[in-house]
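Today I'm going through one structure and jotting down what I look up. Notes are in the order I took them.

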Amino acid sequence: MAIRPVPKHKNPTQNFIQKIYKNPKIPFACALLLADAVLTALIIAYVPYTKIDWDAYLSQVNGFIEGERDYSNLKGDTGPLVYPAGFLYIYTAIQYVTGGQVYPAQILFGFLYIVNLGIVLFIYVKTDVLPWWALALLSLSKRLHSIFVLRLFNDCFAMTLFHASLVPLLYQKWHLSLIIFSAAVSVKMNVLLYAPPLLLLMLKAMDIIGVISALAGAAVVQIVLGLPFLWSYPIEYLSKAFNLGRVFIHFWSVNFKFVPEPIFVSKEFALILLVAHLGGLVIFAHYRWCKHEGGLVSFVRSRFLQMQLKTSITSSFPLDKSNKSSSGLKLLKSEHIVTTMFTGNFIGIVCARSLHYQFYSWYFCSLPYLLWRTPYPTMVRLLLFAGVEICWNIFPSTVYSSITLLTIHVIILCGLWMAPPVYPYESDKSQARKKAK
C-alpha cells in the first residue's frame, strides 16, 4: 500500500506573500497611500490655507453649544445653517479637539483624507476594474486635496462616511451599510443622490421585510441625531436641514456658467434638469441595471409577485420554517454594486443645476472607476480624466470651462451607456463559498 505524502500547510505569512505576488494592486495601493500621506503633509505645511466656510461653521456650532435649538437662528457668515444635525455634532467635536484653530483642524482633515483614500482604494482593489497603475489617478487631484486640507468642507466627512458605507455592501451587510449611509446623509444631503440606485440594489438582494427593516434603521439614525431639534422646533429643522429647493448663486457654478443667470435661477430650468435626472435613472435602471432581470418593469413585477407568494405561503403555513426570507435571492457581485451606485450618483452630477468647487468631492473618487467601465481606449480615458480636473481648477469658472466640463460629463455618461452590463449575481458556487465564510 502506497503511503501518501502529508500535505504541507502554508503559514499565514506565506499566504499573505502569495496574495501580494498574485495581486500587485495591494502593495501599490499601500505605497500610494503612504506617498499621498507625505504629499498631504507637505500641502498642509507649505500651501496657504484659504478661509471660506470655516468661520461660518464655527459660528453655527457656537450657537448650538450655547443651547440654541431653533435651526432658523443658527447662522454664520455665509447665512443660515442648511445641513442636518450630524454636521453640528462633527464640527462641535472638531472645535473641542482643535480649540477652533485652523492648523490642528487641517491636520485632522489630513488624516480624514488618508482614511477616505484608504477606503476608496480598498473598494477599487475589491472590485478589480482598474489596472494597478491607474489607482494613482486617485491621488492626482489638486482640487480634492484643496477641498480636504485647505478648505475644511463638511463634504469631506459626508463622502468619507458614504465610501465607508460601500464597504459593508460589498459583503452584503445591508443593514450596517444603511446605518452608515444615513449618518453620511446627516452631514450633507448630497449623499441622497446615491439613494435611488441603493434602493434598487436592496430590492435585488433582500426581501421586502429586509428592505423595510434596513430603511427603518436608516430612519432611526436620522430621528436620533435630529431629536434635540425635532423635539423643540421640528418645522424649522426639517425645512432648513432638508431643503431641496435651494437656489445657488450663478457666479459659483462650475457646470452651468454658460447658462444666462435669469434662466439658471428659473424654476423651469430646475424642472427640466429634474426630469432629465429622473429620466436618466429610469432609463439606466431599465436597460442596464435590470437588463438581466428583463428590465425595470419586469423586475419590479417579479418582486411584487414574490412578495405576494411569500405572504400567501406564510399565512397558509405559519409554522413552516422551510420558507426562509432569503429564498430566491442571490448575492450581488461587487462590481455590479459599485457600478450601479457610482453611475446613479454620476447621473445626478450631470443633471445638477449648480456644482460648486467643493462638490467635486461628490464624485471624483468614482471618476477613474467610471472611466474604466466605459469602452473607450485608455488614452481617451486619461484625456477625459485630465479634462475634468483642469475644468475644476479654473477659478472662477468661465463659459468655456463650464461647457467643456458638461461635454466631458456627457461623453462619460454615453460611455457608461455603451458599456455592456455585467451579469449582476454571483455564481452558485461563489455564493455558497461566501455564505460559508
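**Entry 1: D53.** Is D53 buried or exposed? This is a predicted model, and in it D53 has a relative accessible area of 11%. The cut-off for buried is under 20%, so D53 counts as buried. I looked up where it sits: D53 is in a loop, with α2 (25-46) on one side and α3 (54-65) on the other.

Next I asked what D53 touches. Leaving out residues up to four places away in sequence, I got T78, F153 and Q358. I also checked the spacing for T78: D53 and T78 are 25 residues apart in sequence, and their C-alphas are 7.2 Å apart in space.

**Entry 2: the nonpolar cores.** How many residues does the largest nonpolar core have? I found 115, and F162 and W392 have the most contacts inside it. Helix α5 (residues 102-127) gives this core its largest share, 12 residues.

I then followed up W392. Not counting residues up to four places away in sequence, W392 touches R143, V254, L355, H356, Y357, F359, Y360, Y363 and L405.

**Entry 3: cysteines.** I wanted to know how many disulfides a search of the whole structure finds. The count is 0.

C156 has a relative accessible area of 0%, so it is buried. C290 is buried too, with its relative accessible area at 0%.

**Entry 4: empty space inside.** Rolling a probe the size of a water molecule over the atoms shows where empty space is left. How many cavities of 30 Å³ or more turn up here? Searching the whole structure gives 1. The space in the largest cavity is about 200 Å³. It is lined by 16 residues, and the closest to its centre are W289, T339, R373, P421 and V422.

Which elements give two or more residues to that lining? They are α13 (267-289) and α15 (334-350). The largest share, 5 residues, comes from α15. Sorted by class, I noted 8 nonpolar, 5 polar and 3 charged residues in the lining of the largest cavity.

Notes: Residues numbered from 1 in each chain as written. Predicted model: local features only at pLDDT ≥ 70, side-chain atom pairs only at ≥ 80, totals over all residues. Heavy atoms only, no water. 1 Å grid on protein atoms, 1.4 Å probe; cavity = no way out; pocket = protein on both sides within 12 Å on 5 of 7 lines; lining within 4 Å. Points joined across faces, edges and corners; volume = space filled by probe spheres on them. Helix = DSSP H or I, 4+ residues; strand = E, 2+ residues; numbered from the N terminus. Nonpolar A, V, L, I, M, F, W, Y, C, P; charged D, E, K, R; others polar. Disulfide = S-S within 2.5 Å. Buried < 20%, exposed > 50% of the residue type's maximum accessible area, 1.4 Å probe, protein only. Core = buried A, V, L, I, M, F, W, Y, C linked by side-chain atoms within 4.5 Å. Contact = heavy atoms within 4.5 Å.
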